[in-house]
Amino acid sequence: MTLRSGFRHAARWLLLASLCVNVALATYIGVQWFQPGRTLAGAAMPLRMVERVAARLPAEDADILWRIYREKEPEIRPLQADYVRALLRTMQLAGQTELDKDALRAAVKESRDKRLKIGDAALETFITTLEQISPKGRRQLVGGFRDR
């Protein structure tokens, strides 16, 4: 066996080992992300915001917020699913051995655009809520900010 063929043989084994490690890592990450109760960053963003805001409102106003959120949820859920798919695509591209910078930039931009659509839907939920809740509830939300 010559030095050159020995190098090729070793390179093939290294490539195979690298592929196995990548598959193992991808499997581990996938299992961790898709465990019950676990979501990708930002995927449950509107729900968590609603929970936080509702906790600061009087009960009657919190009920109004939850009603409005439930009405808008059919619009928000597909936006969240699109965002998660875009995030997964971005992570897939970022994890490739040969980084396609243009594809990565496009995927990051797409993820950002999807996140902004969710944010717009969440903002509409809160604006509609502010229009319907009591003055006491609105004052409670702004707290000490209005005195500044």
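**Aromatic rings and the helix packing**

I looked for aromatic pairs (rings of Phe, Tyr and Trp, the last by its six-membered ring, with centres within 6.5 Å), and the count came to one. The pair is W66 with Y69, 6.1 Å centre to centre with 85 degrees between the planes, and is edge-to-face, a label for planes over 60 degrees apart, where under 30 is stacked and the rest tilted. W66 and Y69 are three residues apart in helix α3 and therefore separated by about one helical turn.

I read the model as predicted, with local features needing pLDDT of at least 70 and side-chain atom pairs 80 or more, while totals for chains, interfaces and linings use all residues. Residues are numbered from 1 along each chain as its sequence is written, and side-chain values use heavy atoms, without hydrogens and water.

I then checked burial (buried is under 20% relative accessible area, exposed over 50%, partly exposed in between, with a 1.4 Å probe and protein chains only): Y69 is buried at 3%, whereas W66 is partly exposed at 24%.

Both residues also belong to the contact (heavy atoms within 4.5 Å) of α3 with α2, where A62, L65, W66, Y69, I76 and Q80 meet M45, P46, L47, V50, E51, V53 and A54. I fitted helix α2 (residues 45–55) against helix α3 (residues 59–94) at about 170 degrees, axes 10 Å apart, so the two are roughly antiparallel, the term for angles over 145 degrees.

How values were computed
Axes fitted to C-alpha atoms, helices over the stretch in contact; angles between N-to-C directions. Helix = DSSP H or I, 4+ residues; strand = E, 2+ residues; numbered from the N terminus. Parallel < 35°, antiparallel > 145°, perpendicular 65-115°, else oblique.
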